[in-house]
Amino acid sequence: AQLPAVSFVDVMEGWGAAGEYGGKSLGSVSIQGRSVNWPRVSGGDIYPGRSFTRMEALTNALVTVITEKMADQLFGQVDPVGKVIKLGGYPFQVIGIYTPPPNLFGDDEGPRAIIPNGTLNKYIKPQRGWLQIAVSPMDSVTVDAAIDEVTIVIMPDLWAVANDTQVRDLQGKMIAHCENMGDRMAIRDPPPDLLPQEIPHG
């Protein structure tokens, strides 16, 4: 169910894979799986072309928006829009060129391709490790009011990216946050080596 105070949610996962076109190959491309609302979160500009539609996201379409840097490295002076490249060995149609907003820390970002999140999981199959979720409140609602509607706090797959000490520290902070707010619950991942009957309760 949608929260009344929330305008939209953007989900982002990432993975690295090779990018190829016309005999050229980029060995390390950052592939981001995003929701249809990603341009509203990331800013910047998509031109020429466009981002993927809601229907393309729902159907896990093989479409991609690539950054200017990736377009320059793969295509040179050729217009990339409408061309088919390979990401992780799968054919993706380039539908737009993305110019990110200025980076305060300098332009050190490598080539990047943005695809629907479902497409990332269906074809590229990233290793589970992190999932970033951005929530935007309605125009008439403050951020604090939107936060007040949160009822569950989770950190999925935390054990895959952190050691035992880090996990326990982060889970402790998550529990402390829920106790402090008094109106939400925390869902914790148990250690991966425990059987269901071995998980302590309470």
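1. Before you go on, a word on what you're looking at. This is a predicted model, in which local features need pLDDT of at least 70, side-chain atom pairs count only at pLDDT 80 or more, and totals for chains, interfaces and linings use all residues. Residues are numbered from 1 along each chain as its sequence is written, and side-chain values use heavy atoms, with hydrogens and water left out.

2. Back to Glu13. Is Glu13 buried or exposed? Glu13 is buried, because its relative accessible area is 6% (buried means under 20%, exposed over 50%, partly exposed in between, with a 1.4 Å probe and protein chains only). Glu13 sits in strand β1, residues 6–21. Gln127 is 114 residues away from Glu13 in sequence, yet their C-alpha atoms are 9.8 Å apart in space.

3. Now the whole protein. You'll find six helices and 10 strands; these are DSSP runs numbered from the N terminus, helices being H or I with at least four residues and strands E with at least two. Of its 202 residues, 32% count as buried. Take the contacts (heavy atoms within 4.5 Å) between residues at least 6 apart in sequence: 69% of them join residues at least 24 apart.

4. Two backbone spots deserve a look. Most residues other than glycine have a negative phi, and most peptide bonds are trans. The bond from Tyr47 to Pro48 is cis, with omega near -5 degrees, and Pro48 belongs to strand β3, residues 45–49. Asn60 is not a glycine, but has a positive phi of about 55 degrees. Where is Asn60? Look in the loop between α2 (54–58) and β4 (63–67). Asn60 counts as partly exposed, at 22% relative accessibility.

5. Last, the surface. The protein exposes about 12000 Å², with carbon and sulfur atoms supplying 56% of that; areas come from the Shrake-Rupley method with a 1.4 Å probe, and for residues only the protein chains shown count as cover. Met185, in strand β10, counts as partly exposed because its relative accessibility is 46%.
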